[in-house]
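Please read the points below with the sequence and the model side by side, and check each one as you go.

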Amino acid sequence: MTVYKGFLTITRRNIHLMILYLVIFLTIAVMAQKFTGGKTTDFEQVGLDIAVIDRDGGELAGGLYDYLGQYHTIADLPDDPSVIQDRMFYREVYYIVTIPKDFEDRCLYGDELLPVTKVPGSNSGFYVDQQINTFLNDVRIMVKSGFTLSESIAEVTESSRETTEVTLIDKNGFGGNRPFHAFMYQYMPYILISILCYCMCYIMIAFRNPDVKRRMACSAVSSRSQNLQIILGYITVGLAVYLLVTTMPVLMYGESFTADPNMPYYLLNSFLMTLVALSLSFLIGTLVSRDEVVSAVVNVVSLGMSFLCGVFVDLEILGKSVRTFAQFLPVYWYEVANGLLADNSTLSQLQQTSLYTCFFLQLLFFAAILGVAMVISRIQQKA
């Protein structure tokens with residue numbers, strides 16, 4: 001088992017790469033869980049620092065001031081353009097609405113819009129625009145319905161204080177939210193491809209060294225035995241990496257992951273991606289002949305497929321043309337399967353068919369990539 005021991009020895013020399021990419025993987029997964037996996041019930045309305053310049057002083061202007069004060073912090077600013085400019089420059093206020101004279105006639109009964117000033121490049125002011133339009137429209141409707149202006153302002157202001165409790169329908173069995181371990185599995189192709197391609201490529205380059213090849217050719221170990229030991233080394237490293245990344249969600253999420261009825265599918269999906277990553281590593285290892293080229297090639301493959309196939313950017317956000325192209329890459333079908341598992345605790349017959357199709361296509365990609373790599377390897381051996 002000399003070749004097999006040499007295989008593991010070279011692997012141990014690259015253990016630091018595994019640790020580095022595992023740290024990157026955990027960081028991405030935790031950040032995704034924090035910023036994307038939050039529950040919708042944690043939503044809170046956020047107010048802005050705004051200012052209201054009242055040049056009218058009428059009842060409607062006072063009502064608008066009180067209405068906006070329920071949602072935002074209103075700063076006391078003088079009607080001085082230089083002061084207003086300074087306060088906005090230093091971001092002490094982000095939105096200024098100016099109420100003109102004859103506000104009621106010009107904006108309530110007329111079609112004139114209120115002049116507003118926003119911080120350049122900021123989109124937060126659109127929310128205040130909507131609130132001002134809502135207030136004026138509601139007051140206008142009530143006045144036309146026969147209410148006095150005072151009654152209309154009081155009713156609109158009072159109704160805006162009411163809160164509504166929203167309960168999401170649990171359509172997917174996860175309380176309307178994706179389970180946290182689904183985000184970890186979403187980013188798993190990147191770590192599997194990166195670790196296996198880096199390690200295996202350096203190993204393949206070492207074994208293709210002319211001196212090493214001559215020593216192996218002169219040894220008592222047959223070529224068949226050498227190839228079998230290399231295959232065994234691939235299997236050992238691949239299983240070790242697979243078990244390592246599988247242990248992470250168990251340790252981090254515990255029963256939340258183990259109690260998921262889709263857990264066996266998650267494990268199978270990631271196992272198939274491990275096979276694909278191994279075949280990719282073998283293909284790249286047969287094509288790359290220098291250590292300094294490995295990093296460039298592996299980064300292009302791992303990051304390219306991650307961005308195109310829904311690892312770093314959800315498939316729903318990607319354009320149609322990008323998704324069409326991504327269907328010719330194995331990671332795309334992994335992400336489609338992961339999305340089905342994340343959004344449904346119980347799979348229908350049609351969803352199970354789609355899931356098994358994704359599994360089958362990953363196997364086809366594994367076989368195709370492995371076949372191409374073996375053909376290239378055979379050609380290189382004859383050359």
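Which residues on the other side of H14 are exposed? They are Glu292 and Val300, and the points below, which concern a predicted model, begin with this helix.

1. Helix H14 runs over residues 291-308 and so has 18 residues. From its first C-alpha to its last it reaches 26 Å, which is close to the 26 Å expected at 1.5 Å a residue.

2. The buried residues of H14 are Val294, Val298, Ser302, Met305 and Ser306. When the helix is seen down its axis, these buried residues fall within an arc of 105 degrees, and therefore they line one face of H14. Glu292 and Val300, by contrast, are on the other side of H14, where they are exposed.

3. The partners of this buried face deserve a look as well. The buried residues of H14 pack against helix H9 (188-207), helix H13 (263-287) and helix H16 (330-343). After H14 comes Gly310, a residue whose phi is positive, near 95 degrees.

4. Helix H13 also packs with helix H11 (residues 223-253), at an angle of about 140 degrees and with the two axes 10 Å apart. Angles over 145 degrees count as roughly antiparallel, and H11 and H13 are therefore oblique to each other. Their crossing is right-handed. On the H11 side the contact is made by Tyr234, Gly238, Leu239, Tyr242 and Thr246, while H13 contributes Leu267, Ser270, Phe271, Thr274, Leu278, Ser281 and Phe282.

How values were computed: Residues are numbered from 1 along each chain as its sequence is written. This is a predicted model: local features need pLDDT of at least 70, side-chain atom pairs count only at pLDDT 80 or more; totals for chains, interfaces and linings use all residues. Side-chain values use heavy atoms; hydrogens and water are left out. Helices (H or I, at least four residues) and strands (E, at least two) are DSSP runs, numbered from the N terminus. The expected span of a helix is 1.5 Å times one less than its number of residues. Buried means under 20% relative accessible area, exposed over 50%, partly exposed in between (1.4 Å probe, protein chains only). The arc is that of the directions from the helix axis to the C-beta atoms. Contact means heavy atoms within 4.5 Å. Axes are lines fitted to C-alpha atoms, for helices over the stretch in contact, and angles run from 0 to 180 degrees between N-to-C directions. Angles under 35 degrees count as roughly parallel, over 145 as roughly antiparallel, 65 to 115 as roughly perpendicular and the rest as oblique. A crossing is left-handed if the near helix is turned anticlockwise from the far one by less than a right angle, and right-handed if clockwise.
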